[in-house]
Amino acid sequence: MDIKSKLSNNLSKLPKYLFAEIEEIRNKLIAQGVDVIDLSIGDPDLPTPSPIIEALYEAAKDPANHKYPSYYGMIQFRKAAAEWYFRRFSVEFDPSKEVIALIGSKEGIAHIHWAFLNPGDYAIVPDPGYPVYNGATILAGGIPYKVPLKEENNFFPDFDSIPEEIAKKAKIMFVNYPNNPTSATATYEQLEKAVWFAKKYEIILCSDLAYSEIYQGNEKPISIFNIPSAKEIAIEFHSLSKTFNMTGWRIGFAIGNEDIVKGLGSIKSNVDSGVFNAIQIAGIRALQPDMEKYVEETRKTIENRKKNLTKALEEIGFKVYSSNATFYIWVKNPEGFSSKEISTLLLNKTGIVVTPGNGFGEYGEGYFRISVTASDERIKEAVERIKNTKIL
Ligand SMILES: *Cc1c(COP(=O)(O)O)cnc(C)c1O
């Protein structure tokens, strides 16, 4: 039987994996003994702070935690999430109705489409963007409308450019600031526009705040709920992954409008059975005020790495988008190079793997993304290679 021909139409419609060729070169270089530095993945190299690991260890020993968790998550975890959120953003939420635990925020971002899209409905997704917004729209039978993020608008959508008939047919839309992959942040006024647009066209506004704690300098990113009345139409996705170096643990939460949270919860109760209680208990530990010192340390490390790498790139003539958040550096291609060409050239000449911008959507063409999630030593080595290699 030809299994491949049996794949669902929606699955077949998903964009092809764009990095295959670069991966091939990377593997070839490794096989030749080249010391490849991988700066392409958004996965922190730093360890999870030890108090969180200790909390998991204790919780894992208790048989009470070995049973099925509750669909919405432990009330203690949701309460800790709402308290953390209040300390950080000064907005109150009811943990019993307006907060839900997630198996990582990616899970919630994917499932929200199933809760609200009918076949043929539009979802407005940023391009370039985190691939799940687009992929999950297609899998749910919806149609992605890709709104370009352009440098002249500081990588924020121009809502006026969205045709009225699309806006009227859109059910959900995504904003993601601090942004992956561009590293852009959004101002209060910009987020206010997003809320205004969503309300005007009655669209569910999904804010992806995975990078809320990964900022450089003193200006903290704000939440969509810092805009008054956003609660009428919005849900926000939070992740413990980037904040506490917990990508492998799979825990996050969504917070927001009660009915939107309920819709997401209905899907989840039909699909998954929640987060291992011991991990939720470790999550509660992570969300306590005393963990802030670890996060501060992470921020300093990232700030340093970004600064050093940016300086090295600028010294040899690259144009780097200036940003004060995320652990990404968004770099413009040199004149005459496509994203794939410059990424391939960098890899061949320096052994450094970066991500071509078009891997995040067609409007990412013209840029490449560097992730500073390798050790200080490796970043230093990357800086040396960039300084000492004639790349162009
Ligand atoms: C990493 C990331 C996420 C997902 O994080 P989880 O590990 O699933 O919580 C969500 N959105 C963006 C933009 C990300 O980069």
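A residue is called buried when its relative accessible area is under 20%, exposed when over 50%, and partly exposed in between (1.4 Å probe, protein chains only). Helices (H or I, at least four residues) and strands (E, at least two) are DSSP runs, numbered from the N terminus. The model is predicted: local features need pLDDT of at least 70, side-chain atom pairs count only at pLDDT 80 or more, and totals for chains, interfaces and linings use all residues. Residues are numbered from 1 along each chain as its sequence is written, and side-chain values use heavy atoms, with hydrogens and water left out.

With these terms, helix α10 (residues 277-286) can be described as mostly covered, since eight of its ten residues are buried. The buried ones are N277, A278, I279, Q280, A282, G283, I284 and A286. They pack against α3 (50-60), α4 (75-89) and β2 (99-102), where contact means heavy atoms within 4.5 Å.

The domain assignment, whose bounds come from an automatic or database source, divides the protein into domain 1 (3-47 + 293-389) and domain 2 (50-290). Their C-alpha centres are 25 Å apart. At the interface, 34 residues of domain 1 touch 35 residues of domain 2. The size of an interface is often given as the accessible area lost when the parts come together. Between these two domains the buried area (the accessible area, 1.4 Å probe, that two parts lose on being put together, summed over both) is about 3200 Å², with 57% from carbon and sulfur atoms.

Side chains of opposite charge can pair when their charged atoms come close. A salt bridge here is a side-chain nitrogen of Lys or Arg within 4 Å of a carboxyl oxygen of Asp or Glu. The whole structure has 20 of them, and one crosses the interface of domain 1 and domain 2.

K199 is partly exposed, at 31% relative accessible area, whereas E232 is exposed, at 53%.

Another pair, D272 and K268, meets at 3.1 Å, N to O. Here D272 is buried, at 12%, and K268 is buried too, at 0%. In helix α11 (residues 292-315), K311 and E315 are four residues apart, about one turn of the helix, and their salt bridge is 3.6 Å, N to O. D35, R378, E381 and R385 are linked in a network of salt bridges.
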